[in-house]
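Visitor: Hi! Could you walk me through the charged side chains in this one?
Guide: Happy to, let's bring it up.

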Amino acid sequence: MGVLFDAEKRGGGGDSAVRDWLRRLKDVAHDIDDLLDELRSLRRELDAVAAGRDRLRLNPGVYPPAHPSAPPRRETISMVDESKTVGRTPDKEKLMRLVLDAASDEVVSVIPIVGFGGLGKTTLAQLVFNDRRAND
Ligand SMILES: Nc1ncnc2c1ncn2[C@@H]1O[C@H](COP(=O)(O)OP(=O)(O)OP(=O)(O)O)[C@@H](O)[C@H]1O
Ligand SMILES: [Mg+2]
């Protein structure tokens, strides 16, 4: 505020360099004002566009179709040929214990089986699912 007062006084007193400085300051202030007006009107425009999205009921859950050459998704069923699976008995027994320990009427337990694709996660879960001890 002191700076402006000093500049007004000296510009009014005929200091042309100070008058130039004041003019540049006003120009910049006007540009900022214009920019803010533009931002405010863009905001309104954006709100109008957003309202259009609701009015048109555009569905955010729609995705483009899978690529035509993409392999079909494998479906998982509980059936597994136990005689063809090898080397999973210790893992299966560990899981059986977790499942049977967790069994309770009130609590729903989730036991994650993690590993890279094709490792045998689903097969292992199927072995446990099909064990009669899990279904007693
Ligand atoms: N212990 C095993 N002995 C023999 N074959 C197995 C064994 N475990 C899995 N396989 C075979 O390996 C293939 C992949 O197994 P599975 O589908 O269980 O893997 P996954 O980890 O679930 O794969 P993804 O991550 O893709 O779901 C299947 O053909 C399955 O029959
Ligand atoms: Mg799987």
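Visitor: Thanks! What does arginine 88 form a salt bridge with?
Guide: Arginine 88 pairs with aspartate 91, and their closest N and O atoms are 3.0 Å apart. A salt bridge here is a side-chain nitrogen of Lys or Arg within 4 Å of a carboxyl oxygen of Asp or Glu.

Visitor: Before we go on, what should I know about the model and the numbering?
Guide: This is a predicted model, where local features need pLDDT of at least 70 and side-chain atom pairs count only at pLDDT 80 or more, while totals for chains, interfaces and linings use all residues. Residues are numbered from 1 along each chain as its sequence is written, chains are lettered from A and ligands numbered from 1 in the order in which they are written, and side-chain values use heavy atoms, with hydrogens and water left out.

Visitor: Back to that pair, then. Is arginine 88 buried or partly exposed?
Guide: Arginine 88 is partly exposed at 25% relative accessibility, and aspartate 91 is partly exposed too, at 28%. Buried means under 20% relative accessible area, exposed over 50%, and partly exposed in between, using a 1.4 Å probe and protein chains only.

Visitor: Good. How many salt bridges does the structure hold?
Guide: Twelve. One of them joins lysine 92 to glutamate 82, with the closest N and O atoms 3.4 Å apart. Lysine 92 lies in helix 3 (residues 89-102) and glutamate 82 in the loop between helix 2 and helix 3, so this pair ties together parts ten residues apart in sequence. Helices are DSSP runs (H or I, at least four residues), numbered from the N terminus.

Visitor: And how accessible are those two?
Guide: Lysine 92 is buried at 10%, whereas glutamate 82 is partly exposed at 42%.

Visitor: Which residues are linked with them in a network of salt bridges?
Guide: The network links Glu82 and Lys92 with Glu93, Asp131 and Arg133.

Visitor: New topic: what about arginine 40?
Guide: Arginine 40 forms a salt bridge with aspartate 37, the closest N and O atoms being 2.3 Å apart. The two are three residues apart in helix 2, so about one helical turn separates them. Arginine 40 is partly exposed at 45%, as is aspartate 37 at 38%.

Visitor: Last one: which residues form the negative surface patch?
Guide: Asp27, Asp31, Asp33, Asp34 and Glu38. Among them, aspartate 34 sits in helix 2 (residues 16-55) and is partly exposed at 48%. Patch members have over 30% relative accessible area and no salt bridge, with like charges joined within 9 Å.

Definitions and conventions: Patches are made of residues with over 30% relative accessible area and no salt bridge: like charges are joined within 9 Å, nonpolar side chains (Val, Leu, Ile, Met, Phe, Trp, Tyr) within 5 Å. Accessible areas come from the Shrake-Rupley method with a 1.4 Å probe; for residues, only the protein chains shown count as cover. Lys and Arg count as positive and Asp and Glu as negative; His and the chain ends are not counted. The place of a charge is taken as NZ of Lys, CZ of Arg, CG of Asp or CD of Glu.
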